[in-house]
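Please walk me through this structure.

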Amino acid sequence: MRACSSCLRRARMLVELGPGLDRRFRGRRVPGILALEDHELVAAAGDRGQGPPPALAASEDALLSAAAADEREHGVEAVCRHDAAYPPRLQGLFDPPHVLHVLGGVERLQAALDPDAVRATVAIVGSRKAPEESRQVARDLAEALAAVGVAVVSGMAFGIDAAAHEGALAATARGGARTIAVLAGGVERPSPATLRVLHRRIGREGVVVGELPPGTTPRKWGFPARNRIIAGLADATIVVAAARGSGSLITADLAQGAGRVLAAVPGPVRSPRHAGTNDLIRGPEPDAQVVCEPRDVLALLGLDEQLALELGARDPLVGLEGGARTVAEALLAGPTTIERLVAEHDAAAVLAGLGQLEATGRLRRALTGELELVPAGTRRA
């Protein structure tokens with residue numbers, strides 16, 4: 001445990017003041033309330049007539065003992081903003097969390113954010129109800145970036161968040177960077193519960209962090225609050241498939257406010273599921289930069305263009321799934337024809353895979369008329 005009693009007190013107070021914080025967060029933006037001192041916070045969010053929250057009067061020994069019990073029982077270690085292991089990126093926030101609870105221990109969080117091992121940290125966020133095509137974009141971006149040492153942060157929600165973690169984990173299995181999930185409740189249990197398998201994988205191969213202690217059930221105020229942590233941990237935030245009013249746009253606002261790079265993947269102009277994302281890149285002075293491919297993100301981060309070529313160096317099939325991966329595996333052996341592919345594989349899968357490869361610039365026709373696989377990161381002519 002690397003957290004002091006005063007910071008642990010604050011974390012417990014946030015749980016006890018949950019109903020009042022829900023009322024204060026009804027505008028969905030993170031107000032300055034989280035930057036208040038403890039007694040100011042109680043005055044702003046406490047329930048009149050019920051007295052101060054119990055944590056305010058708790059002894060140092062009780063707070064430290066509770067944190068030690070959480071570490072023993074759940075494998076969750078606490079690190080506070082006064083400790084050297086606390087992420088420097090978060091220190092610059094207007095209202096940094098007093099404590100981060102880390103599933104698996106603080107050393108794993110340090111490893112995930114180590115500037116000597118990780119080239120950068122990117123947040124990928126978006127709608128819970130994003131269409132499959134947009135979820136695939138998030139997976140591809142995360143997998144390709146993680147494959148060259150970029151850590152991927154998200155909130156482990158349905159849709160884009162889950163897809164981003166899945167993509168990063170696919171790269172992690174081949175030696176890529178780790179992924180960091182930021183939760184609005186206790187980090188020892190999945191939220192949502194149906195993503196328990198993903199939570200287990202991130203807890204084993206990545207890092208799960210949160211502001212609130214184990215056992216905490218997420219409340220509505222916790223989701224916009226956790227978004228400031230997502231934005232704070234990342235050098236750049238990428239928004240994929242966000243409708244107007246989407247919670248991921250809160251993360252975009254917070255990233256801008258923290259002076260971080262903000263980018264968005266454009267979507268169909270008539271799709272309400274992409275209206276918020278498209279708003280970010282609309283007009284002569286857009287709020288966000290346009291990104292379509294991993295190398296666009298690397299350029300925004302100022303990383304060496306040579307990394308774009310590395311996107312396919314560890315895995316020539318990075319970012320490919322389903323029919324596209326089946327076809328690409330066949331093309332690794334060398335150029336071939338559609339007829340041969342159809343003869344050896346399911347025809348429908350081949351045609352769908354060829355379409356996906358062509359749409360992403362991974363397919364070209366050789367001078368012989370045969371089809372060739374284009375390496376990831378190769379610039380289109």
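This is a predicted model: local features need pLDDT of at least 70, side-chain atom pairs count only at pLDDT 80 or more; totals for chains, interfaces and linings use all residues.

Residues are numbered from 1 along each chain as its sequence is written, and side-chain values use heavy atoms, leaving out hydrogens and water.

Start with helix α16, residues 322-331. Helices (H or I, at least four residues) and strands (E, at least two) are DSSP runs, numbered from the N terminus. In α16, G323, A324, V327, A328, A330 and L331 are buried. Seen down the axis, these buried residues fall within an arc of 160°, so they line one face of α16. The arc is that of the directions from the helix axis to the C-beta atoms. Buried means under 20% relative accessible area, exposed over 50%, and partly exposed in between (1.4 Å probe, protein chains only). The buried residues of α16 pack against α17 (338-344), α18, β10 (363-365) and β11 (371-373).

Helix α7 spans residues 106-113, with V106, L109, A112 and L113 buried. Their arc around the axis is only 120°, which puts them on the same side of α7.

Now turn to D161, in helix α9 (residues 160-172). D161 is buried yet has no salt bridge. A salt bridge is a side-chain nitrogen of Lys or Arg within 4 Å of a carboxyl oxygen of Asp or Glu. Lys and Arg count as positive, Asp and Glu as negative; His and the chain ends are not counted.

Finish with L351, in helix α18 (residues 347-359). L351 is exposed, at a relative accessible area of 55%.

Terms used: Contact means heavy atoms within 4.5 Å.
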